[in-house]
Amino acid sequence: MGRFYITTPIYYVNDYPHIGHAYCTVCADFFARYHRLKGDETHFLTGTDEHGQKVQKSAAAEGITPQALADRVVERYHALWKQLRISHDDFIRTTQARHEKGVLALLDRLVAAGDVYKASYRGPYCVSCEAFFPENQIVEGKCPDFGHPVTVLEEESYFFRLSRYQEPLLQLYAERPDFVLPQSRMNEVRAFVEGGLKDLSISRTSITWGIPYPGDEKHVLYVWLDALSNYVTALGYGSDDPSKYGTFWPADLHLIGKDILRFHAVYWPAFLMSAGLPLPKHVYGHGWWMKDASKMSKSLGNVVDPRPYLEEFGADALRYFLLREKPIETDGSFSDEAFLDRLNADLANDLGNLASRLTNLLERQAKGAIGPGDGSLKAHAGAAVDRYCAAVERFSPREALEAIWGLISDLNKFLVEREPWAKPGTPEALATLSEAARALRLAALCLEPAMPEAAPRITEALGFERTDFVNARWADRQSGSARKLTGLFPRVDKAEYFARLGKDGAGERGSRGAGDKRGEAREMEDEKKTPEVNAHQAPAAVAPPVPPPAQQAQERISIDEFRRVELRAGKILEAERVPKSNKLVRMVVDFGSERRQIVGGIGKKYAPEQLVGRTCPFVYNLQPAKLMGVESNGMIMAGNLDGEPILLQFIEDVPAGSKIT
Ligand code: MSP
């Protein structure tokens, strides 16, 4: 058994999380879950970067303290990670006392090494990057990294003797060429260091929101020295209990975006060398998500919010898409079209159909019993698992999933060729089904890190015990007992989806900031007001034909949580089809004390005239939403039969408006 310590960057709290932040954290979660399944003692750290000028400025614009801003935004991170099924072991906030203590302990080591001195500094400074840049790198008054405007700043500052570490760093890169991955990024970093390193300013007097410099409190520590230290402070470095530090440091992998490579591959190892601490094993700089080939930015209004996708399709679908769609090292483009194509082709078709077909046949032909099979797939499935593991070990989720999809598509072919449905119950058919079930069991095991909800459902439906990779053999001696599995990944009707988003969602969902020139502070301000009707709430107001996977495998809720949902009987007074929709029906519903307009997705199954006069249960306290431009103030409840919504009725007559408890 080995050990594995993985970290994500800690995210700034001057912005709410978007798909790019979700991406890095999902990749890290994938690696962490894989290593846990492998039996490694695993530690997965994420968190928030709460100090610095950006946060101070955003808070000031809102007229609140930076701490209040951080406290608010951090909740969004917690909520998103929960929704995405992120399995981090720790969440560090740089405003926590444990962190500040550790940072000062680290600074002590830099000072003790003679690497810190005080001097006055004047030069071009980029507020956005929170960094000084050498004069010769400034092009037309813009910073070299992002083209942000720079201003000349003069400051008395503490400096770190980064220049001393040029040679040791180059030696590190030569000795450990995989210190930075992928290779192309290693080359960039090496070239940067070869270009010469100047000493680094590690304190600021121009801001107050940071860790005060000990003994000279008009200075606060440079936010990057503060932030990078999180990787050790979270393990208890500099605290009374550094046992986790002893167990897990050095980190196996700092997973970060390509934009913050220099901080992790140059400054951070230099700080660690100065402090005499071991260096992380790998720094991986992943590529970025763009939106339809453009960089996401608030001013373009194309920043993708992951929540609507999670609400409608569940965590697994989004996780799978992010991991599978683009290679980790390159940039990729996020679009609803690509997302739905993956969902329909890979998840609903290839995987979902295989699992439901196989479990159905096993149930019908063998009462679920999975026998020994004939061994014809054993070597093939084993090789796919090996390819998968090798790809994960070289930090390549996409290739890992491709290896498993290769197996899944071979399994589908295997069934088509052998046609076990044509000779039900024969020894040949039963051997085919058992063989395929054993191979699917291995595929499901490998899919767990990507799909922590759906994959265990497959294993469970096959009736095998869950195992880890160490025990992930063909399981010759284990017998399964299958139960039919349906609704794993319902197919999405793309035409209906885009029609539903229509004008309200501008044909896409999840983007925010559209036309929003009001700036960060206002956007955050809006968060505290009654939420506006927006496109992502739309699906909540129709009864979805099949509950999304996230809801199927959700953890249990308390009675108090359930009580927050107000259910009432409503009598349908009027009903008519929503123009241009084959699914939506606009109803006027009587709840005794008031009448409400409610739109429901029941039009394929029920004609409007069948609805009028009926009393049905409704969700009464749902936020309003617009469905194809029509406002809906509640949701009609429905069961589902083969993907069709089936309305519910009361056995006795109940008065309109009566509460359902
Ligand atoms: N606070 C610093 C990191 C300190 S780590 C010691 C920071 N925060 S950030 O919130 O701006 O960015 C965090 C991460 O999100 C970075 O790794 C960045 O690359 C990543 N992403 C931001 N936008 C992204 C995309 N559009 N796509 C993929 N990742 C992106 O930098």
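**Reading a predicted model, from ligand to chain**

Biologist: What lies 2.8 Å from a nitrogen atom of the ligand?

Modeller: A backbone N or O atom of I10 lies at that 2.8 Å from the ligand nitrogen, and I read such a pair as a polar contact, which is a pair of N or O atoms within 3.5 Å. This is a predicted model, in which local features need pLDDT of at least 70 and side-chain atom pairs count only at pLDDT 80 or more, whereas totals for chains, interfaces and linings use all residues. Residues are numbered from 1 along each chain as its sequence is written, and side-chain values use heavy atoms, with hydrogens and water left out.

Biologist: Which residues come nearest to the ligand, and which element gives the most to the shell?

Modeller: A residue is counted as near if one of its heavy atoms lies within 4 Å of the molecule, and of the 23 residues around the ligand, I10, D49, G257, D259 and W289 come nearest. Strand β1 gives the most to this shell, with four residues. The elements that each supply at least two residues are β1 (3–12), α1 (19–37), α7 (223–228), α8 (230–233) and β11 (253–257). Helices (H or I, at least four residues) and strands (E, at least two) are DSSP runs, numbered from the N terminus.

Biologist: How many helices and strands does the chain have?

Modeller: The chain has 22 helices and 28 strands. Its radius of gyration is 28 Å, close to the 26 Å that the globule rule gives for 661 residues, so the chain is as compact as a globular protein of that length. The radius is taken over C-alpha atoms, and the rule is 2.2 Å times the number of residues to the power 0.38. Along the principal axes, the C-alpha atoms fill a box of roughly 80 × 65 × 45 Å.

Biologist: Where does the backbone have cis peptide bonds?

Modeller: Most residues other than glycine have a negative phi, and most peptide bonds are trans. Here a cis bond joins L181 and P182, with omega about -10 degrees, and P182 sits in the loop between β7 (180–181) and α6 (183–194). The bond from W249 to P250 is also cis, with omega near 5 degrees, and P250 lies in the loop between α9 (243–248) and β11. K367 has a positive phi, near 50 degrees, in the loop between α13 (336–366) and β16 (369–370).

Biologist: What do the side chains of D71 and R93 form?

Modeller: They meet in a salt bridge, with 2.6 Å from N to O, the rule being a side-chain nitrogen of Lys or Arg within 4 Å of a carboxyl oxygen of Asp or Glu. D71 lies in helix α3 (residues 66–83) and R93 in strand β3 (residues 90–93), so the pair ties together parts that are 22 residues apart in sequence. By this rule, the count comes to 39 salt bridges.

Conventions:
Polar contact = N/O pair within 3.5 Å; in protein donor to acceptor, adjacent residues only side chain to side chain.
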